[in-house]
Amino acid sequence: MKTMKGFSFWQHALSFTFLVFLFFPSLGIFSQKAVMGQPLYTNSRWIVNGSGQRVKLACVNWVTHLEVVVAEGLSKQPVDVISRSIVDMGFNCVRLTWPLFLFTNDTLASLSVRQSFQKLGLTESIAGFQANNPSIIDLSLINAYQAVVASLASNNVMIILDNHISKPGWCCSNFDGNGFFGDRYFNPDLWIKGLTEVAAMFCGINNVVGISLRNELRGPKQNVNDWYRYMQKGAEAVHAANPDVLIILSGLNYDKDFSFLLQKPVNLTFSGKLVYEVHWYGFSDGKAWETGNPNQVCGRLVNDMMRKSGFLLDQGYPLFVSEFGVDLRGTNVNDNRFLNCFLGWAAELDLDWALWTLVGSYYLREGVAGKDESYGIYNWNWCETRNSSFIQRISALQSPFRGPGVSESRPHKIIFHPATGLCVQRKSLLKPLELGPCSEAEAWGYSPQKTLTIKGTYYCLQADALGQPAKLGIICTDKSSKWEAISDSKMHLSSKLCDGSEVCLDVDSNNVVVTNNCKCLSRDSSCDPASQWFKLVDSSRHGTSSTKSFSQMDDSILFNLAKTLAESLRSW
């Protein structure tokens, strides 16, 4: 098979191997140590490795599709520093974007990094790039892309190669010429050629685990018939060139709509490799989060997501949220409310995902040099994180809660608090329940009678009094021991006090779990219910109950248990 400028695929592969050992001689990215069970496969709705164990994609998007056609940030930091920091922040995967023309236009591909910056007048970026990545600045753009892949692989990061756009530039609009098959810059045959080039070039590179065929199909030309025609053709082309990678398909309407698959499934000659991707942002629905009641908006939009894409999980396909993100400055009400809802939904379904974005600032975006990215994990100078509390908040979702091979304990539920990213836990029976890391979450059982009981004990969650900590008790038949998810969001956990008044689980300023009057259930758009939003999440991850079983209680706890029982009997 021939590639650009008469080079064979094997010559490209050998040049990539040379780049790896030139820039990362001691890391040996082709060793088993450097991979995470690739190639990957699908098993019903889960992504799994060759041993059948679930591999959860917890990715971040790294942009390479803008006018410079170089991975952003390399004028600020060495590539290997960025790759290592991705791992340090808990991500195991990068969705690395690429423009189609990089792999189909010989003139563009052979341009050096330095020349690309010079053409755009970005002299300051050249100086920074020379200082931080001198071994890359005079490589061709296509070899620079390979060098970034090599750096990520050498740091044991999985890579999904995302065809983001055709003509390099910012994405996306309905009329940018890149939206759908037949648009000005979106020739289907050229697209198939580019996908084939990419798939072949990275064949055998174990850390390249997936190829996303096209980002955010959109615009006036979009239609279902062409979607089936070309997406199936593209999937077959990639699989033929590289049978190891996952094939990731996007939907219509900016990657939000797969409802047409309810009537007609995709027809492919291979199996065990197909993943669907979906995008969701706060701005996807305008200012709905800011102007509406968050409970009602969350309930309505989650139902909409399930109707248009979430049903694919039930049909036995992985659903990869390949883009979500928020303004990390924390001042965007619309985004803040969206994130609380999104994290509850993503935790409940235990979805694979990719955060938008790693990028702190761009070389050039929409004509502005050095433009800041408020959605970026890094700050403008790529030296510090923009919002460290956000990293902690999403950390619980970076590991799988359940799935094939995730069987550290018996199935149970954890109580997840999206506003903090923490889970309900107990330090002892003598202290109130509080929020803490989900790795130390209490393991709960939820019965048909709507009681929440700590696994391995007789203790159930009880509402005690307004404004007081929720407590654990052993008399689990009264109304204060019944908990039900109410409101449109299904994230208020509600119970009743002895006087019949309704209360909801809440969190105080010390992260102690308390009960308060239920708030913001409907209508009021100025009210924020975030502190009272909890999600019961199915898990088979290790919980703390197994180390605090009923039979292991110390004498003081047994004494208090006897005292509680005696007082209960006297009240009868």
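**View 1. Arg 214 lies over the face of Phe 186, 3.7 Å from the ring centre.** A charge sits over a ring here if NZ of Lys or CZ of Arg is within 6 Å of the ring centre and within 35 degrees of the ring normal. Keep in mind that this is a predicted model, where local features need pLDDT of at least 70, side-chain atom pairs count only at pLDDT 80 or more, and totals for chains, interfaces and linings use all residues. Residues are numbered from 1 along each chain as its sequence is written, and side-chain values use heavy atoms, with hydrogens and water left out.

**View 2. Lys 76 puts its charged end over the ring of Trp 380.** Look for a distance of 3.5 Å from the ring centre.

**View 3. Here's the count of aromatic pairs: 34.** Rings of Phe, Tyr and Trp (its six-membered ring) pair if their centres lie within 6.5 Å; planes under 30 degrees apart are stacked, over 60 edge-to-face, and the rest tilted. Take Trp 170 and Trp 356: their ring centres are 6.4 Å apart and their planes are at 70°, so this pair is edge-to-face. Trp 170 is partly exposed because its relative accessibility is 24%, while Trp 356, at 6%, counts as buried (buried is under 20% relative accessible area, exposed over 50%, partly exposed in between; 1.4 Å probe, protein chains only).

**View 4. Tyr 281 and Phe 283 make a stacked aromatic pair.** Their centres are 4.6 Å apart, with 15° between the planes. Tyr 281 has 6% relative accessibility, so it counts as buried.

**View 5. One aromatic cluster brings together Phe 91, Trp 280, Trp 289, Phe 324, Phe 338, Phe 342, Trp 345 and Trp 353.**
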